[in-house]
2 protein chains.
Amino acid sequence: MRNKFGAIYHDLANKIIHHIYPVGTYLPSETQLAELYGTSRETIRKALAELLTNGFIQKIRGKGSVVLNLQRFNFPVSGITSYKELNNSLHMHSKTEVLCIEDQHVPLENFDYQSGQNLPATFVERLRTIDDNPIVLDRDYVLKSVVPNISHAVAADSLYNYFENKLGLIISYATKTITVEHPSKEVARLLALGDHQDVVVVRSQNYLEDTTLFEFTESIHRPDKFNFVDFARRQKIN
Amino acid sequence: MRNKFGAIYHDLANKIIHHIYPVGTYLPSETQLAELYGTSRETIRKALAELLTNGFIQKIRGKGSVVLNLQRFNFPVSGITSYKELNNSLHMHSKTEVLCIEDQHVPLENFDYQSGQNLPATFVERLRTIDDNPIVLDRDYVLKSVVPNISHAVAADSLYNYFENKLGLIISYATKTITVEHPSKEVARLLALGDHQDVVVVRSQNYLEDTTLFEFTESIHRPDKFNFVDFARRQKIN
DNA sequence: TAGTGGTCTAGACCACTAC
DNA sequence: TAGTGGTCTAGACCACTAA
């Protein structure tokens, strides 16, 4: 982390994770932290704001910042996260099988997306298994206009790692929807589903920092293996 | 909104919603906005940060803040939102039937919650229908330690409205999980489900500003009526 | 080069909490 | 009353984008 408040955020987050600041206790006050880190109070406040939105702390006026009891070590619904990262952070050992890489147009009707023209893309279909049990079928449509080619090796490893660390793409935001649907026979077979079992489909449109749309994603989950966890702050609707 | 940046946020958000700042165009620069609103740049930046996290704009270094094309007018997954509010903001006309209000202990095993003791609560069970089609079965366990009593009238209207505007509770954050499960016969009957149909269960633990746990919630959705939409910003996992 | 957003500072005043 | 977080200011320097 180059910027100060990022460094302070990570330092505090680590200290919370390792119980140096135990759950239920107060962090030092903002003025104290400013002195501790040799910085101004506003900079401390930016770090604390980050801890707040990520569920590490709760700020209470006139009192201080309490460390929360976060059991956030599951699948986050919010945030754009790739399977490889999830896998690493969850310390699960799993396999990815690449079923298909080929040129296709994005099936826009699936994504409820209005476009005057066809969007050429690389279609990547991958089956994720844990202990040989199929868990998720991932279908990615990566726009040719942004990423012309994708190799089998990259698909077997991590698309996001390739996009960010090799191509230097800066992935910024996404819109996601979660629905429950009847699977096709093909999908039911791949996920080893019984008759009458539905699947959970998470579809997303992913954008770069400069607002370029670069990828459509369809994640098809076995219903019994689907578990999303979210930390949410109260928001008023206007 | 009392604070300046909140007022500026709402003003800009409204102007974006009403296309005074059209999708794809740039907002005035931060320095210009500071002059426009007669405030400092940091205050403008707080308002813009809010617009950013809510998906109204994307900031691009060296260029400016672009207005995004948000189709966010669906069910948000993130954020704690009550049914009444959703209902109003979606302009749907629906009915809520109160099936049950009684004293119960929270079924902690359902919520994966560790506690040494039983938690006395008011159990409220409500069925939400649209055009006489059942959509959601909501089960609330409101802790007696925070809210001693709940009337039938309040349950038929809105618990959150009651909590926030009558009792002055400040609801702050929640942890949520989404799973797919087999319904009990009773639930299947209430939601008019066929055989073999699963339900989507959204469970949450809701907290007040002072970190007091005050409510457990179980929302049981018809799978075909379940559609959650989320706007997510890219987050690195450490 | 001029304009943009990103970061940071050192102060100020306020409302709230606790004693 | 002293300490806390919430807000706001008026500056500063930087990295990036575009012409």
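In this predicted model, S3(B) and S4(B) pair in the antiparallel sense over ten bridges. Two strands count as paired if DSSP finds at least two bridges between them; helices (H or I, at least four residues) and strands (E, at least two) are DSSP runs, numbered from the N terminus. As the model is a prediction, local features need pLDDT of at least 70 and side-chain atom pairs count only at pLDDT 80 or more, while totals for chains, interfaces and linings use all residues. Residues are numbered from 1 along each chain as its sequence is written, and chains are lettered from A and ligands numbered from 1 in the order in which they are written.

**Sheet ending in S3(B)**

- S3(B) and S4(B) belong to an open sheet of seven strands, ordered S9(A)-S6(B)-S7(B)-S8(B)-S5(B)-S4(B)-S3(B), with antiparallel pairing.
- Its edge strands, each pairing on one side only, are S9 (227–233) of chain A and S3 (95–105) of chain B.
- On average, neighbouring strands of this sheet are turned by 15 degrees against each other, direction ignored; axes here are lines fitted to C-alpha atoms, for helices over the stretch in contact, and angles run from 0 to 180 degrees between N-to-C directions.
- Gln104(B) stands opposite Ala121(B) in S4(B), and Ala121(B) has Leu143(B) as its bridge partner in S5(B).
- S4 (residues 120–130) and S5 (residues 133–143) of chain B pair in the antiparallel sense over ten bridges; in this pairing, Phe123(B) is opposite Tyr141(B) in S5(B).
- A hairpin is formed by S4(B) and S5(B), with two residues between them, and Asp131(B) in the turn has a positive phi of about 50 degrees.

**Sheet ending in S3(A)**

- Seven strands form an open sheet with antiparallel pairing, in the order S3(A)-S4(A)-S5(A)-S8(A)-S7(A)-S6(A)-S9(B).
- S3 (95–105) of chain A and S9 (227–233) of chain B are the edge strands, and each pairs on one side only.
- From one strand to the next, the twist averages 15 degrees.
- S4 (residues 120–130) and S5 (residues 133–143) of chain A run antiparallel and are joined by ten bridges; Phe123(A) stands opposite Tyr141(A) in S5(A).

**Hairpin S1–S2 of chain B**

- S1 (residues 57–60) of chain B pairs with S2(B) in the antiparallel sense over four bridges, and Ile60(B) has Gly64(B) as its bridge partner in S2(B).
- Three residues lie between S1(B) and S2(B) in this hairpin, and Gly62(B) in the turn has a positive phi of about 75 degrees.

- In chain A, the axes of H1(A) and H3(A) come within 8 Å and cross at roughly 50 degrees.
- H1(A) and H3(A) are therefore oblique to each other, on a scale where angles under 35 degrees count as roughly parallel, over 145 as roughly antiparallel, 65 to 115 as roughly perpendicular and the rest as oblique.
- The crossing of H1(A) and H3(A) is right-handed; a crossing is left-handed if the near helix is turned anticlockwise from the far one by less than a right angle, and right-handed if clockwise.
- H1(A) contributes Lys4(A), Phe5(A), Ile8(A), Tyr9(A), Leu12(A) and Ala13(A) to the contact, and H3(A) contributes Thr43(A), Ile44(A), Lys46(A), Ala47(A), Glu50(A) and Leu51(A) (contact: C-beta atoms, placed from the backbone, within 7 Å).
- The contact of H1(A) with H3(A) has eight nonpolar, one polar and three charged residues; Ala, Val, Leu, Ile, Met, Phe, Trp, Tyr, Cys and Pro count as nonpolar, Asp, Glu, Lys and Arg as charged, and the others, Gly among them, as polar.
- In chain B, H1(B) and H3(B) pack at about 50 degrees with their axes 8 Å apart, which makes H1(B) oblique to H3(B).
- H1(B) and H3(B) cross in the right-handed sense.
- Among the residues that meet are Lys4(B) and Phe5(B) in H1(B), and Thr43(B) and Ile44(B) in H3(B).

**Surfaces near the DNA strands**

- Of the 22 residues around DNA strand C, Lys4(A), Thr43(A), Gly62(A), Ser29(B) and Gly62(B) come nearest (near: C-beta atom, placed from the backbone, within 6 Å of the molecule or strand).
- The surface near DNA strand C takes at least two residues from each of H1 (4–17) and H3 (41–53) of chain A and H2 (30–36), H3 (41–53) and S2 (64–67) of chain B.
- DNA strand D is surrounded by 22 residues, with Ser29(A), Gly62(A), Lys4(B), Thr43(B) and Gly62(B) the closest.
- The residues of the surface near DNA strand D comprise one nonpolar, eleven polar and ten charged.

Technical notes
Contact = placed C-beta atoms within 7 Å.
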